[in-house]
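Here are my notes for you on this model. Keep the picture open while you read, and check each point as you go.

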Amino acid sequence: MKLTIMTYNIQHGVDHLKRLQDPGLTDVELIDLDRFVQAIRPFHPDILSLNEVRGASTKPGFCDETRYLAEKLDMPYHFFAQALDETGHGPYGNALLSRLPFSSIEKIMIPDPAEKRPGGHYETRCLIHAVFDADGHPLHVLSTHFGLEPDEAELAVSAALSHTDPHNASLIMGDFNLTPDSPVLAPLLTIYQDSATLLPEHTLTYPSHAPEIKIDYILGCGPLRFTEALVPKQIVSDHFPYITQIEV
């Protein structure tokens, strides 16, 4: 079975290019979900992982971004996982959209560090664990967004590993906020293979207007194979999208 997999940090629908051109505009004035639809649609993802997604909100100018994008992209199966409730803004977290039905799907909260470094930028995070039927075999998919602080990221890696069965076809993807040489990432890379081996050397994903680092990933383990990987250089979000083809 061949599938197109895509991960994208959409910065809650903010048009990054427009922000660069007019930094005085507010987030509400900058949100343009149709630009993201136009960026995603040509790649026809079967499974789409999104980070920095707003849930349903009563605040003017905000909407249920998961539902909006799912309807526009003709992806009938969708799930929003709230990581936190931003004061004055509403639910915020990750989303998974699919053309395939979920066999099961759940939100898993990533624990916050017991003690936080003074001055650190901490934010409660979560991951989505979905299971799909891939021609009679389970395909496990984890969608997540790691914290910025190393102790947050370590807890995220531990949470991901605790929900990984390397004997089953499995993917983990999202914005990890870690570069490939990070020792925090190393435990994941002992189990998962990095689809970035199929990308041109030194492919970077952030920031989209002047790429400096690679922090977005699609990793796989078990009986699946990456056959293609692509990072389109689109300035829509502050991250580039990341697409792979898999056989499972």
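The points below cover the sheets, then the helices, then the pockets and cavities.

1. A quick reminder before anything else: this is a predicted model. Treat what follows as a description of that prediction.

2. Start with the sheet that holds strand S1. It is an open sheet of 6 strands in the order S3-S4-S2-S1-S12-S11, and its pairing is mixed. Strands S3 (77-86) and S11 (225-230) are at the edges, and each has a single partner strand, so one side of each has no neighbour in the sheet. From one strand to the next, the twist averages 20 degrees.

3. Now zoom in on S4, which covers residues 90-98. On one side S4 runs antiparallel to S3, with 9 bridges joining the two, and His78 has Leu97 in S4 as its bridge partner. S4 is also antiparallel to S2, this time through 6 bridges; here Val53 is partnered with Gly93 in S4.

4. Further along this sheet, look at S1 (residues 2-9) and S12 (residues 242-247). They run antiparallel and are joined by 6 bridges.

5. Which strands stand at its edges? S5 and S6 (residues 125-134) run antiparallel, with 8 bridges between them. Met109 is found opposite Cys126 in S6.

6. H4 (residues 65-72) lies across S2 (47-54), S3 and S4, and runs at about 145 degrees to S2.

7. On to the pockets. The largest pocket holds about 210 Å³ of space. Its lining has 16 residues, and those nearest its centre are Glu52, Arg125, His145, Leu148 and Asn177. By class, the lining splits into 5 nonpolar, 5 polar and 6 charged residues. The second largest pocket has about 160 Å³. Among its lining residues are Pro180, Glu201, His202 and Lys214, and the lining as a whole has 5 nonpolar, 2 polar and 2 charged residues.

8. How many cavities of 30 Å³ or more does a search of the whole structure find? It finds 2. The largest has about 60 Å³ of space, and its lining includes Glu52, Tyr92, Gly93, Arg125, Cys126 and His145. S4 and S6 are the elements that give two or more residues to that lining, with S4 giving the most, 3 residues. The classes there are 3 nonpolar, 4 polar and 3 charged.

9. The second largest cavity has about 40 Å³ of space. Glu123 and Arg125 are among the residues lining it, along with Ile110, Asp112 and Glu152. By class, its lining counts 3 nonpolar, 1 polar and 4 charged residues. While you are there, follow Arg125 through the model: it lines the largest pocket, the largest cavity and the second largest cavity.

Key. Residues are numbered from 1 along each chain as its sequence is written. This is a predicted model: local features need pLDDT of at least 70, side-chain atom pairs count only at pLDDT 80 or more; totals for chains, interfaces and linings use all residues. Side-chain values use heavy atoms; hydrogens and water are left out. Two strands pair if DSSP finds at least two bridges between them. Helices (H or I, at least four residues) and strands (E, at least two) are DSSP runs, numbered from the N terminus. Axes are lines fitted to C-alpha atoms, for helices over the stretch in contact, and angles run from 0 to 180 degrees between N-to-C directions. Contact means heavy atoms within 4.5 Å. On a 1 Å grid over the protein atoms alone, a cavity is a set of points where a 1.4 Å probe fits but cannot get out, and a pocket is an open set with protein on both sides within 12 Å along at least five of seven lines; lining residues have an atom within 4 Å of a point. Grid points are joined across faces, edges and corners, and a volume is the space filled by probe spheres set on the points. Ala, Val, Leu, Ile, Met, Phe, Trp, Tyr, Cys and Pro count as nonpolar, Asp, Glu, Lys and Arg as charged, and the others, Gly among them, as polar.
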